[in-house]
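Hi everyone, thanks for coming. I'd like to walk you through one protein chain, so please have a look at it with me first.

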Amino acid sequence: MTAGSAGGDLINGKLLQPCDSDIGSWMAKAFDLAKDALENGEVPVGCLMVYNNEVLGKGRNEVNESKNATRHAEMAALDQVLDWCRAQQLDAAGVWEHMVVYVTVEPCVMCAAALRLLHVPLVVFGCKNERFGGCGSVLDISTADLPHTGTSFKCIRGHRAEEAVEMLKIFYKQENPNAPKPNVRKCEASPEGGSVVIQKQSPEEDGLKMATSD
């Protein structure tokens, strides 16, 4: 379903789907977070978690800053929601069942699995995540038949997708100061009078990549 569809449908019999204007407003705030990530040398992904028309959690990628590959925008926002529930002495399970997640890029497999386990009913995202996407691009965690593994959730795809893609292109064109340096290996010296061959391996060849995309 695209972002242009009318709101008003019940999701999982509990959550009223937001209307187009609400989606546009919340996604604009998520894109502001993504821009902040880009300006701070992070993969430009921003996320809002909205409950009863109130933002309980917001985040952007913090992978390079924290040197922790799991600190995606969704995880940063998720932690804030849990903190809010503890402060309000509320059962988090009841809150998650009425949560809408807005994120500029399709959640990765890890984040999609976390949202499913929390029983989040609706995720609105911008562009596809062709390398790591967990909502249909690589795996479809959102709707797959996974017994005893949370609840499937609905996705509204494609809101400002081209803008999200352009931001990712800008990030990957610039030098990432936190990326590992290429390894240089010296081969064994050849016999006297011969030459020494130096082979250079890129981080990708070593299977390394600090700038993890959502």
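Let me begin at a turn. In the hairpin of strand 3 and strand 4, two residues lie between the strands, and Asn52 there takes a positive phi near 50°. When I say helix or strand, I mean DSSP runs, H or I of at least four residues for helices and E of at least two for strands, numbered from the N terminus.

A word on the ground rules. This is a predicted model, where local features need pLDDT of at least 70 and side-chain atom pairs count only at pLDDT 80 or more, while totals for chains, interfaces and linings use all residues. Residues are numbered from 1 along each chain as its sequence is written, and side-chain values use heavy atoms, with hydrogens and water left out.

Strand 3, residues 46-51, and strand 4, residues 54-60, pair in the antiparallel sense over six bridges; strands count as paired if DSSP finds at least two bridges between them. Val50 stands opposite Val55 in strand 4.

Now zoom out. The protein chain has six helices and nine strands. Of its 214 residues, 41% count as buried, and buried here means under 20% relative accessible area, with exposed over 50% and partly exposed in between, using a 1.4 Å probe and protein chains only. Among contacts between residues at least 6 apart in sequence, 59% join residues at least 24 apart, where contact means heavy atoms within 4.5 Å.

In what order do the strands of the open sheet come? Five strands form it in the order 4-3-5-6-7, and the pairing is mixed. Strand 4 and strand 7 (154-156) stand at the edges with a single partner strand each, so one side of each has no neighbour in the sheet. From one strand to the next, the twist averages 20°. Strand 5, residues 99-105, and strand 6, residues 122-127, run parallel and are joined by five bridges. Within that pair, Val103 has Phe125 in strand 6 as its bridge partner.

Helices pack on this sheet too. Helix 1 touches strand 3, strand 4, strand 5, strand 6 and strand 7, and its direction makes about 145° with that of strand 3. Helix 3 touches strand 3, strand 4 and strand 5, and its direction makes about 145° with that of strand 4. For these angles, axes are lines fitted to C-alpha atoms, for helices over the stretch in contact, and angles run from 0 to 180 degrees between N-to-C directions.

One residue I'd like you to find is Gly46, in strand 3. Is Gly46 buried or exposed? Gly46 is buried, with a relative accessible area of 0%. Leaving aside neighbours within four places in sequence, Gly46 contacts several residues, including Ala30, Leu33, Ala34, Tyr102 and Val103. Arg60 is 14 residues away from Gly46 in sequence, yet their C-alpha atoms are 4.4 Å apart.

Now for helix against helix. Helix 1 (residues 20-39) and helix 6 (residues 161-173) pack at an angle of about 10°, with their axes 11 Å apart. That angle makes helix 1 roughly parallel to helix 6; the cut-offs are under 35 degrees for roughly parallel, over 145 for roughly antiparallel, 65 to 115 for roughly perpendicular, and oblique for the rest. From helix 1 the contact uses Phe31, Ala34, Lys35 and Leu38, and from helix 6 it uses Glu163, Ala164, Met167, Ile170 and Phe171.

The second pair is helix 3 (residues 73-88) with helix 5 (residues 109-117), at an angle of about 30° and with axes 9 Å apart. Helix 3 is therefore roughly parallel to helix 5. Here Glu74, Met75 and Leu78 in helix 3 meet Met110, Cys111 and Ala114 in helix 5.

Finally, two loop residues. Gln89 lies in the loop between helix 3 and helix 4 (92-96), and has a positive phi of about 55° although it is not a glycine. At 74% relative accessibility, Gln89 counts as exposed. Arg160, in the loop between strand 7 and helix 6, also is not a glycine and has a positive phi of about 55°. Its relative accessibility is 29%, so Arg160 counts as partly exposed.
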